[in-house]
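Please read these notes with the model open beside you. Each numbered point takes up one part of the chain.

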Amino acid sequence: MLLRRSAISLSRRAAAHSVASRTFATSVIRRDQKSGDPAPGQAESKMVPFEEVKGEEDLLPPGAQPGTVPTDLDQSTGLERLEILGKMQGIDIFDMKPLDASRLGTLADPIMVKSFGDEQYCGCTGFPADSHVTKWLTISRGRPIERCPECGSVYKMEYVGPPDDPHAHEHHDGHHNYEEPKTFADYVKEDYRWT
């Protein structure tokens, strides 16, 4: 009996709260607006081929047709959209080819790693390829050469990003402003170190 009463009172509460707690007036107003981007499925869309991309506004998608499930191309924006448009044209815009593993990198002839950022991680699997587990090395603009501790292969970072901003200066915001820990390489005579 007690169980039946609690179930009935619970169902009454649930029925009272099932009514929409907010109105749909704002949705109707937004739907009636004619300004802004064209609606999905309209002839005037913002689908721009890769060759015609000039700025960020060209990387906004037109959206999916009403009643359909959007694809990656319909809903991706920014760099992801640029990558998809490039792949559709057969262009690898981020140069995702694996590093040269056909030789052992030396100080005289290191394996070059291109980077758009100030710091890059590269994984060494040894020479010949897959001769040891992946060792992750950190190379940066301040320390562009790293040697794999397992096989001795040398990697050098080639910075290909935008040129330095003349107005930029050291911001001490605590983000990457840490002193690099000392290693045995710091105690090697300068004559034997790479420069």
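**Notes on the predicted model**

1. Start with helix α4. The buried residues of this helix are Arg81, Leu82, Ile84, Leu85 and Gly86. They pack against α3, which covers residues 72–75. Just after α4, Gly90 has a positive phi of about 85°. Please bear in mind throughout that this is a predicted model.

2. Now the overall layout. The protein has four helices and five strands. In sequence order the pattern is α-α-α-α-β-β-β-β-β. Of the 195 residues in the protein, 19% are buried. Taking contacts between residues at least 6 apart in sequence, 40% join residues at least 24 apart.

3. Which residues make up the largest nonpolar core? The nine are Ile111, Val113, Cys122, Cys124, Leu137, Ile139, Cys148, Tyr155 and Met157. Two or more residues of this core come from each of β1 (111–115), β2 (119–124), β3 (135–140) and β5 (154–159). Another core, of six residues, lies apart from it and includes Phe50, Leu73, Leu82 and Leu85. Two of these names, Leu82 and Leu85, were already listed among the buried residues of α4.

4. Leaving out residues up to four places away in sequence, Tyr155 touches Ile111, Val113, Cys122, Cys124, Leu137 and Ile139, among others.

5. Glu146 deserves a separate look. This residue is in strand β4, residues 145–147. Is Glu146 buried or exposed? Glu146 counts as buried because its relative accessible area is 18%, and the cut-off for buried is under 20%. With residues up to four places away in sequence left out, Glu146 touches Leu137, Thr138, Ile139, Ser153, Val154 and Tyr155.

6. Arg143 is the partner of Glu146 in a polar contact between side chains, at 3.3 Å. Arg143 lies in the loop between β3 and β4. With a relative accessible area of 17%, Arg143 is buried. Both members of this pair are therefore charged residues that fall under the 20% cut-off, at 18% for Glu146 and 17% for Arg143.

7. Thr138, one of the residues touched by Glu146, is placed in strand β3. Its relative accessible area is 34%, so Thr138 is partly exposed. Besides Glu146, Thr138 touches Glu119, Gln120 and Tyr121, again not counting residues up to four places away in sequence. The C-alpha atoms of Thr138 and Met157 are 9.7 Å apart, while the two residues are 19 apart in sequence.

8. Next, the second largest pocket. What is its volume? The volume is about 470 Å³. The lining has 18 residues, and those nearest the centre of the pocket are Asp95, Lys97, Leu99, Val113 and Lys114. Strands β1 and β2 each give at least two residues to the lining. By class, the lining is made of 11 nonpolar, three polar and four charged residues.

9. Most residues other than glycine have a negative phi, and most peptide bonds are trans. Asp95 is not a glycine, yet its phi is positive, about 50°. Asp95 sits in the loop between α4, residues 78–88, and β1. Its relative accessible area is 38%, which means Asp95 is partly exposed.

10. The loop between β2 and β3 has two further points to check. Asp130, which lies in this loop, has a positive phi near 65° and is not a glycine. Asp130 is exposed, since its relative accessible area is 67%. Pro128 is placed in the loop between β2 and β3 as well. The peptide bond from Phe127 to Pro128 is cis, with omega near -5°.

Notes
Residues are numbered from 1 along each chain as its sequence is written. This is a predicted model: local features need pLDDT of at least 70, side-chain atom pairs count only at pLDDT 80 or more; totals for chains, interfaces and linings use all residues. Side-chain values use heavy atoms; hydrogens and water are left out. A nonpolar core is a set of buried Ala, Val, Leu, Ile, Met, Phe, Trp, Tyr and Cys residues joined through side-chain atoms within 4.5 Å. Buried means under 20% relative accessible area, exposed over 50%, partly exposed in between (1.4 Å probe, protein chains only). Contact means heavy atoms within 4.5 Å. On a 1 Å grid over the protein atoms alone, a cavity is a set of points where a 1.4 Å probe fits but cannot get out, and a pocket is an open set with protein on both sides within 12 Å along at least five of seven lines; lining residues have an atom within 4 Å of a point. Grid points are joined across faces, edges and corners, and a volume is the space filled by probe spheres set on the points. A polar contact is a pair of N or O atoms within 3.5 Å; within protein, one must be able to donate a hydrogen and the other to accept it, and residues adjacent in sequence count only if both atoms are side-chain atoms.
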